Amino acid sequence: MLTTRFVDGAPNWVDVGTPDIEGAVSFYGGLFGWRFQPAGPAAGGYGFFQLDGRTVAGGMQTAPAQGPPSWTVYFQSPDAEAGVRAAEQAHGGVVQRPMDVADQGRMAILTDKAGVPFGIWQPGRTAGIDVAGEPGSLCWVELYTADLPAAAAFYRAVLSLETFGVPFPGGVYTTVNPAGGGEDSMFGGMVPLADDPTEADADPYWLVYFEVEDTDATVADAERLGGTVRMPATDVPDVGRIAKLADPYGARFAVIKSAPSQE
């Protein structure tokens with residue numbers, strides 16, 4: 001599962017781009033109890049969402065030219081330049097070439113073959129988010145794509161990610177893990193858009209999941225705070241109770257109250 005014991009290829013950061021950072025701070029603060037800590041004048045308005053003093057995500061105000069409001073997933077890379085070269089060789093795109101973020105790390109923004117944005121983060125002083133898998137923090141990521149085999153091949157070439165199928169009600173779910181990690185290190189999945197009626201009309205994208213203590217209460221809070229329910233609270237056997245939401249500006253995310261571990 002997703003943890004802060006980061007290894008190459010695993011998600012180690014997420015952030016939201018929004019046309020109204022103050023509104024987003026109000027929404028996510030009301031929903032998850034997050035507080036926003038600006039990174040300072042040199043950061044261009046970027047800041048950190050924190051829960052009990054621990055960073056759970058980043059966020060910044062973006063212009064329409066930078067794309068629609070959305071959450072971006074960053075994956076750990078030992079070499080940002082090498083990651084960009086691998087993405088280009090695998091027919092992906094480069095939105096932001098590698099750049100230093102002070103002495104905290106080195107980042108780049110890429111797109112896969114289907115045009116889905118994602119980031120890579122080469123750690124410096126900052127390894128990644130401070131907490132994962134706890135209520136109010138990132139616990140899973142999921143790629144919705146029109147061509148699962150092509151996506152799996154791309155992320156294997158760029159991030160050395162491995163995939164394997166898990167029997168699931170109604171079919172097989174494709175899980176994702178870092179190279180050599182096996183099932184114990186899986187952090188997400190890949191889902192064909194056509195197989196999920198809630199996503200069939202969506203463009204390909206990475207969906208972030210946040211753990212919550214009560215899915216139904218979180219859904220109600222999201223609506224009260226101006227968010228949208230894209231999929232109501234639903235039980236998934238042996239997984240948990242999930243819901244798909246969007247914030248007031250359209251950034252999509254999901255929440256889950258995970259089922260107790262079977263171990």
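Student: To which strand does helix H4 (residues 215-224) run at about 10°?
Tutor: In this predicted model, local features need pLDDT of at least 70 and side-chain atom pairs pLDDT 80 or more, while totals for chains, interfaces and linings use all residues. Residues are numbered from 1 along each chain as its sequence is written, and side-chain values use heavy atoms, without hydrogens and water. Helices (H or I, at least four residues) and strands (E, at least two) are DSSP runs numbered from the N terminus, and angles, from 0 to 180 degrees, compare N-to-C directions of axes fitted to C-alpha atoms, for helices over the stretch in contact (heavy atoms within 4.5 Å). Helix H4 lies across E14, E15 and E16, and the strand at about 10° to it is E15.

Student: And to which strand does helix H1 run at about 10°?
Tutor: Helix H1 covers residues 21-32. It lies across E13, E15 (240-246) and E16 (252-258), and the angle of about 10° is to E16.

Student: Which strands stand at the edges of the sheet?
Tutor: Strands pair if DSSP finds at least two bridges between them. The open, mixed sheet has the order E10-E11-E12-E9-E13-E16-E15-E14. Each edge strand has a single partner, so one side of it is left without a neighbour; these are E10 (162-168) and E14 (228-236).

Student: What is the bridge partner of Trp140 in E13?
Tutor: Strands E9 (residues 138-145) and E13 (residues 205-211) pair in the antiparallel sense over six bridges. In E13, Trp140 has as its partner Tyr209.
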